[in-house]
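Please study the sequence and the model before reading each solution.

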Amino acid sequence: MEGVVAMFFMLGISLSHLVTGNAQTYFDVGKFGAVGDGNTDDSPVLGKILAPSVDARGTFKYDDCWLCFKHVDGLTVDGPGQIDGNGATWWTKVPISERPTALHFHLCTNLRLHGLTHLNSQKNHISIHNCSGVSISDLHIIAPSDSPNTDGINIALSSQLLISNTFIGTGDDCVAINGGSSNINITSVTCGPGHGISIGSLGEDGTSENVDQVHVTGCTFNQTMNGARIKTVPGGTGFARDISFEEITLIASGNPIVIDQHYCDGRSHHCQDQENALAVSDVTFSGFQGTSAAVEAINLDCSKQGCRGITVNNVNISSSVGKDLRVVCNNAYGTSDSTLPVVSCLLS
Ligand SMILES: *[C@@H]1O[C@H](CO)[C@@H](O)[C@H](O)[C@H]1NC(C)=O
Ligand SMILES: *[C@@H]1O[C@H](CO)[C@@H](O)[C@H](O)[C@H]1NC(C)=O
Ligand SMILES: *[C@@H]1O[C@H](CO)[C@@H](O)[C@H](O)[C@H]1NC(C)=O
Ligand SMILES: *[C@@H]1O[C@H](CO)[C@@H](O)[C@H](O)[C@H]1NC(C)=O
């Protein structure tokens, strides 16, 4: 119980300071909560923040994150508050390497984020890093379409995560799912503007990364740069598998369906295959309906090692600008059924 009281105290004090203050704030709740000596009952540290509106004003010394939580079990951050990173003062003046994520969770379990509005973050709005058991719902995440690197929710090394009923319109990925992530469900998310819902990029600089069991259902891509996307970098190892995007509404979405295994983080496009490649398998795109702003509606560009078990069905995409749409496949193995445009390039 002492841990709980201490945490409430600490969070209360720190968040109210933030309303007027500018410092980076790190909440290492592990220090106050779990004892971990084998004798003490380390029952979950339960806490709840009724978040007030906080506003990053003036300047503060850079670190990785602005509001940072570490080692918390059972924390709820509930609205209706507003977390405003005042990104406009950062985006053009401060290089990406010196801009913080607005709200960062590291090594958290049983985390719940609900109801808040997140505005104009300096870099990512929310990062979920090495957490498990995370429920995110009813958020509004908003930044201009041209704000750089302002991912909505960026996930890495995390499992058992659900994002639902959330609006994300920013200048980068609405949701990015990075290596080490598993059992991620995303449902009823409206994305746009933004770069879509992305898995990866995985395997950068020859790393080994795995992502599996990602299910995206009932989402809308509204004037996004991309829609449903998996991107891997040549030379990496690991896998991206058991991934589905289903019942997706497209409103003038750019590149609605993309597997890009020749992704090199903007440094070069269509970079060369290497000896190693991530294994992409068991990926389903089903129930896509609406319009594409790009001519290439479906691009399944796999490494020379190939992608297996690709399913494309019940797709009805037309052009938002009256053009004929194209489907491109490269080393993609799988099946398709009832699709417009017709997908005839999958290998069996
Ligand atoms: C943190 O990451 C490690 C390594 O991937 C993993 O074994 C551990 O379960 C993760 N912890 C949480 C809380 O997700
Ligand atoms: C995700 O959805 C699958 C299939 O409906 C379900 O089995 C799994 O428990 C869900 N996981 C989370 C974290 O919501
Ligand atoms: C799509 O985005 C436009 C421009 O932001 C907006 O006016 C429109 O209401 C959105 N449509 C849906 C269905 O969300
Ligand atoms: C595809 O969608 C368009 C626009 O909603 C609709 O008019 C058309 O009937 C649909 N075609 C099929 C085969 O479902």
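A disulfide is a pair of cysteine sulfur atoms within 2.5 Å. The model is predicted: local features need pLDDT of at least 70, side-chain atom pairs count only at pLDDT 80 or more, and totals for chains, interfaces and linings use all residues. Residues are numbered from 1 along each chain as its sequence is written, chains are lettered from A and ligands numbered from 1 in the order in which they are written, and side-chain values use heavy atoms, with hydrogens and water left out.

**Exercise 1.** Determine how many disulfides the whole structure holds and how the bonded cysteines pair.

*Solution.* With the bonded cysteines of the protein chain numbered in sequence order, the pairing reads 1-2, 3-4, 5-6, 7-8, 9-10.

**Exercise 2.** State the handedness of the disulfide of C65 and C68.

*Solution.* The sulfur atoms of C65 and C68 lie 2.4 Å apart. The torsion about their S-S bond is about 120°, so this disulfide is right-handed. C65 has a relative accessible area of 2% and is therefore buried, where buried means under 20% relative accessible area, exposed over 50%, and partly exposed in between (1.4 Å probe, protein chains only).

**Exercise 3.** Describe the link of C302 and C307.

*Solution.* The S to S distance is 2.0 Å. The angle about the S-S bond is -115°, and the link of C302 and C307 is left-handed. Both C302 and C307 are buried.
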